[in-house]
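This report describes one protein model, from the overall fold to selected residues. Please consult the sequence and the structure shown below while reading.

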Amino acid sequence: MAEKKAVEFNDNQTKILSYLKAHAGERFTLAQISDAVGFDVKSGTIVKLMKFAGVTKGEPVEIERKTVAKVNTYGVDAD
């Protein structure tokens with residue numbers, strides 16, 4: 001049977017894991033984790049930590065958010 005290879009985490013993953021361990025039992029959104037660790041946390045990073053580091057998914061929460069979008073404008077040019 002093949003030996004199980006140890007999983008290595010990069011610096012950002014380690015920072016996230018340290019933050020979550022320091023706040024064990026609490027649940028955070030990706031935005032809250034991003035604010036806490038100082039960089040943008042993507043879902044893929046959390047998935048790896050869920051698979052290999054014991055991070056668990058909590059209940060979904062509703063959030064209120066405002067978005068900014070760039071939109072085109074239309075009109076008729078003046079002569």
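Does Gln13 count as buried or exposed? At 8% relative accessibility, Gln13 counts as buried, where buried means under 20% relative accessible area, exposed over 50%, and partly exposed in between (1.4 Å probe, protein chains only).

## Basis of the model

The model is predicted: local features need pLDDT of at least 70 and side-chain atom pairs count only at pLDDT 80 or more, whereas totals for chains, interfaces and linings use all residues. Residues are numbered from 1 along each chain as its sequence is written, and side-chain values use heavy atoms, with hydrogens and water left out.

## Overall architecture

The protein contains three helices and zero strands, and its pattern along the sequence is α-α-α. Helices (H or I, at least four residues) and strands (E, at least two) are DSSP runs, numbered from the N terminus. The radius of gyration is 20 Å, well over the 12 Å that the globule rule gives for 79 residues, so the protein is more spread out than a compact globule. This radius is taken over C-alpha atoms, and the globule rule is 2.2 Å times the number of residues to the power 0.38. Along the principal axes, the C-alpha atoms fill a box of roughly 80 × 30 × 20 Å.

Of the 79 residues, 16% are buried. Contact means heavy atoms within 4.5 Å; among contacts between residues at least 6 apart in sequence, 55% join residues at least 24 apart.

## Surface and charge

The accessible surface comes to about 7,400 Å², and 50% of it belongs to carbon and sulfur atoms. These areas come from the Shrake-Rupley method with a 1.4 Å probe; for residues, only the protein chains shown count as cover.

The protein has 12 positive and 11 negative charges, whose mean positions are 9 Å apart. Lys and Arg count as positive and Asp and Glu as negative, while His and the chain ends are not counted. Each charge is placed at NZ of Lys, CZ of Arg, CG of Asp or CD of Glu.

## The nonpolar core

In soluble globular proteins, nonpolar side chains tend to be buried together. Here, the largest nonpolar core has eleven residues: Ile16, Leu17, Tyr19, Leu20, Ile33, Val37, Phe39, Val41, Ile46, Leu49 and Val55. Such a core is a set of buried Ala, Val, Leu, Ile, Met, Phe, Trp, Tyr and Cys residues joined through side-chain atoms within 4.5 Å. Two or more core residues come from each of helix 1 (11-22), helix 2 (30-37) and helix 3 (43-52), and helix 1 gives the largest share, four residues.

Tyr19 is placed in helix 1. Beyond its neighbours within four places in sequence, Tyr19 is in contact with Phe28, Ala36 and Val37. The C-alpha atoms of Tyr19 and Val37 are separated by 7.4 Å, although these residues are 18 apart along the chain.

Gln13 lies in helix 1. Not counting residues up to four places away in sequence, Gln13 touches Glu8, Thr45, Lys48 and Leu49. Ser34, in helix 2, also counts as buried, at 11% relative accessibility. Ser34 touches Phe39, Asp40 and Val41, again not counting residues up to four places away in sequence.

Gly25 is found in the loop between helix 1 and helix 2 and is exposed, with a relative accessible area of 74%. From C-alpha to C-alpha, Gly25 and Asn10 are 24 Å apart in space, with 15 residues of separation in sequence.
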